[in-house]
Amino acid sequence: MTSCMRQYCELTPLRMLLLISALLLFVRSDSVDNRCSSTLISTCEDCLKRGPECAWCSQERFLDGAHVSQRCGSVSDLRVRGCEEDFIENPNVKVEVNATISSSQVAPREITIHLRPGSEASFVIEVQQLERYPVDLYYLVDVSASMQDNLDRLKTVGLSLSHQMKEHSSDFRVGFGSFVDKPVSPYIDVHPSKLVNPCSDYEVHCRPAHGFIHVLPITENMTEFTRVIQEQRISGNMDTPEGGFDALLQATVCKKDIGWRPEAKHLLLVMTDQPSHLALDSKLAGIVVPHDGRCHLEDNIYSQTTTMEHPTIGQLAEKLLENNVYSIFAVDQVQFQWYEDLLYLIPGSYVGRLFPKASNLKDLVVHAYKKLLSDVELQIGVEDSQAHRFRVNVTAFCPNGSSVFENTKCSNVQPRQTVFFQVTVGMTSCPADGTDQEVLINVRPVGYNESVTVRVQQVCGCSCKEKGHCHDDLNPSPCSSETGMGSTDECREEASKPVCSGRGTCRCGTCVCDSSRFGTVYGTFCEMDDFSCPYERGLVCGGHGRCVSGECVCLPGWTGETCDCPVSTETCVSEDGLICSGQGKCVCGKCVCDEPQRSGTFCEKCPICYSSCQSHWSCVNCHLSNGLGSDGFQLCNHSCTPLVDYVDDITELVRGKYCLYPSTDKCQYRFLMDLASDRPQLHISRHPVCVWSRQSFKMFLSVFLLTVMLGICMLAAVRQLLRTRNCSWPTNTNQQFEDNHKDSAYVPTTNEKTITYRRDRLPNHPVEMQSHIPKMPLNDVWQ
């Protein structure tokens, strides 16, 4: 066990990767076979519902004697087992784009896809940002008492905002509406005097509380807008939250009353200083009817404010998206965080801090408009009753080059830029009722008045069912089904062979093959199976043949014991159009090189062939034999490369490798191999190099004389050096006297030394020693 563990630990990362890949491939192949193989499959529809890998064979007499479930399998498996292509039911995924519908912002506008259970299809949607849009801005203002200062500011800023928005819009229009809260307890004081004037305690005349009043439709008349704003008065209620969501939904869905233009960008500006009531808050007032999401304006007043609940956030987000409305919340600093949390729940929304007295309202609206247009976001809508059977993934490819899987939004998109969205739609199962009804999926960019309609055609049935031959009649025999007896002669392949090949039972002259835990037994005489023949790559007969009586019968185009060798030689053709580059043979779809030194997929590699001098001797010999003339190029093509050149002075060539060819006993030819090209080029010198040539003799003589002269010069230099050293040998006085004692003119000089000793020596003074040697000239002595 220890040695086995050591072997696994010593596996290289590459081997481990290959092992894991092989296991995954085996598991995947096995899972596909298991998915398509089940005794519960009895019809073509049952087979297709198993997954996109499964196909059904409707060919008559297919797998005679086998269970009907064997008609279901992968396409390759059915082909191997003998099912013809025309009888294989395998609906393909298709994507059809309708390009006839014109579009200026979103393309395409309509797509039809054909899906079967477990399959998916992908398509690309383009969203272009235009430069100047017409804009409809609807003011939805909270007119409760706390908003008095903001309302006064709106009376003066409306005209200047209109002028500034015209810089960003080709056609700017505005409208106005107001809201407070549901006029029921406990939201307002229901005392009769407070119903008429909620501000009676403060001696201020206020208007009655209301859910929503549509005051001014979308108009380009700024004079009328200013007049309407001047006439507005505040109201009042009791609790802190307001009925903003009630009014927001009505202003969104009542398109005709509000006057939303189809071609314009729709901006809904909500000005408030408080949060809004949510859906369940209505139960405090005894209102329990859920909101239906429809328009309920009567004489420009919301008529269902006291009978319907507040809309849910999801319902509100759906209606804003459906009607292409951007929502802008201009709120007080204290409530900013509450509305900011809604941005993730309401697509196409923006929240901005409203300064005291709405001093920044103009800049807030302009900035919100530019920010909302620069964000391009995609929303997918599937029918509620069918949504559980579909999955949708979106990947956005933004103009800045970024792309993130499952990202449906691009930011900072500038005018005239295009955003690409890759949408993948998958179907998990067929409808429970078995109908192939069309399912609609709506793909809509947030805030755009154009969308994409995706029609999903569900392929859950089989075409063979319409033709009436999805499979054979299971009991076609006219003999009695009670006895099941009949002649057994029709169940023998030959008279000498056993009934049904010994692997089945003869019933009414037809073999019913036995089931086996190893695989499927089939055939007219149960002579075929899918387990008793050799395996290749985990498949019987390599997946390219049928197993008949224990031997592989290959499909057309394949050969070999395991049908793993293709008959075609296309896989052996190199780029030059030759089989194995002309240097080998194609065996079982692979090149087998003629020479052992060659390698590569097409025998195109041979480092030894092109780098060895001896490998080109036969080529050089051929050219030399033909006198290095023009005839040699044609005659020597079979023995060497045709890229041959003759040169007079080969030393001028600097690139390549120099070689020698011994043509005779005394002469050699020099040639150069140029390895810069794809194949070596040979440059052969016209002039041989002979050993005893005059040029060689002159060179030898020059070198010999130079060597002799250098030797003589070196000996003379050494001798002179020794003589000079003997003449200048240093000697002392005694040696000089001994050497010159025979010279009568020599007189020794006096030598006097004075040495002074001091017995007592101070610690800080060293002992002094003096030496004096006077010198007397020789002339003075003789005098």
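The model is predicted. Its protein chain holds 19 helices and 39 strands.

Start with the whole chain. It has 783 residues, and 38% of them count as buried. The accessible surface comes to about 45500 Å². Carbon and sulfur atoms make up 53% of that surface.

Next, turn to the charged side chains. A search of the whole structure finds 17 salt bridges.

Take aspartate 246 and lysine 182 to begin. Their side chains meet in a salt bridge, with 2.7 Å from N to O. The pair links distant parts of the chain, 64 residues apart. Aspartate 246 sits in helix H8, which covers residues 244-253. Lysine 182 sits in the loop between strand S9 (169-179) and helix H6 (192-196). Are these two residues buried or exposed? Buried means under 20% relative accessible area. Aspartate 246 has a relative accessible area of 1%, so it is buried. Lysine 182 also has 1%, so lysine 182 is buried too.

Move on to glutamate 309 and lysine 283. Here the salt bridge spans 2.4 Å, N to O. Glutamate 309 lies in the loop between strand S13 (301-302) and helix H10 (313-322). Lysine 283 lies in the loop between strand S11 (265-272) and strand S12 (297-298). The pair therefore ties together parts that are 26 residues apart in sequence. Glutamate 309 is buried, at 7% relative accessible area. Lysine 283 is partly exposed, at 41%.

Now find arginine 455. It forms a salt bridge with glutamate 438, and the closest N and O atoms are 3.1 Å apart. Arginine 455 belongs to strand S22, residues 452-458. Glutamate 438 is in the loop between strand S20 (418-427) and strand S21 (439-445). So this pair ties together parts that are 17 residues apart in sequence. How exposed are the two partners? Arginine 455 is partly exposed, with a relative accessible area of 26%. Glutamate 438 is partly exposed as well, with 34%.

Finish with the network. Which residues does it link? Salt bridges connect Asp136, Asp171, Arg173 and Arg261.

How values were computed
Residues are numbered from 1 along each chain as its sequence is written. This is a predicted model: local features need pLDDT of at least 70, side-chain atom pairs count only at pLDDT 80 or more; totals for chains, interfaces and linings use all residues. Side-chain values use heavy atoms; hydrogens and water are left out. A salt bridge is a side-chain nitrogen of Lys or Arg within 4 Å of a carboxyl oxygen of Asp or Glu. Helices (H or I, at least four residues) and strands (E, at least two) are DSSP runs, numbered from the N terminus. Buried means under 20% relative accessible area, exposed over 50%, partly exposed in between (1.4 Å probe, protein chains only). Accessible areas come from the Shrake-Rupley method with a 1.4 Å probe; for residues, only the protein chains shown count as cover.
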